[in-house]
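Work through the exercises below with the model open. Each task is followed by a solution in steps.

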Amino acid sequence: MILRSPAAFASCAALALAGAAVLVPQPARAEVHALVVGIDAYQGPGQLRGAVNDANDIADALGASQVEDVTVLTDREATKANVYEAWQGVVERSKEGDLLIFHFSGHGISEPDDNGDETDGQDESYLFADYHDIDNPGDRVVDDELEVWLSQAGAGGPGALDGHGRGGSRDDH
């Protein structure tokens, strides 16, 4: 397969390096905007080895594909507040038809569904750097909230969601 556009190559590179992604064909003039998060050093759960490397590999692949708008947050930078602010920046810099990528490498958890919308009865969450189940349980994003974040970019628009976490990266709904 010959990939002639940076957006197509970046999307395929991200998919090849990381796992699950949702890809939508891009118009010829679309730009790619990416937020890449990798966390090895956690306040609460066990430490990881390789999540920051994964994030840097994704960022490098995007850069090699001539994607110019790549924001990378790692370890202590990757708090919920900082990730949300960075995502807002990605959304603000994008225009209709652009490809937006959110990549997360770090801890994920499943927890009981809090609003009855999950067919399996479980919400999935990504855990940010300051997460601690007792001291700071709010430094995570539950799948329902992540859906709101992603919808800010335009429901049904081109995008890629990729996640590498123990709790899973997507719902079934």
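**Exercise 1: the fold**

Solution. The model is predicted: local features need pLDDT of at least 70, side-chain atom pairs count only at pLDDT 80 or more, and totals for chains, interfaces and linings use all residues. Residues are numbered from 1 along each chain as its sequence is written, and side-chain values use heavy atoms, with hydrogens and water left out.

**Exercise 2: Asp69**

Task: is Asp69 buried or exposed, and which side chain does the Asp69 side chain join in a polar contact?

Solution. 
1. Asp69 belongs to strand E2, residues 69-74.
2. Its relative accessibility is 15%, so Asp69 counts as buried (buried is under 20% relative accessible area, exposed over 50%, partly exposed in between; 1.4 Å probe, protein chains only).
3. Beyond neighbours within four places in sequence, Asp69 is in contact (heavy atoms within 4.5 Å) with Val32, His33, Ala34 and Arg93.
4. With Arg93, the side chain of Asp69 makes a polar contact of 2.9 Å (N or O atoms within 3.5 Å; within protein, one must be able to donate a hydrogen and the other to accept it, and residues adjacent in sequence count only if both atoms are side-chain atoms).

**Exercise 3: burial**

Task: what percentage of the protein chain's residues count as buried?

Solution. Of 173 residues, 45% count as buried.

Conventions: Helices (H or I, at least four residues) and strands (E, at least two) are DSSP runs, numbered from the N terminus.
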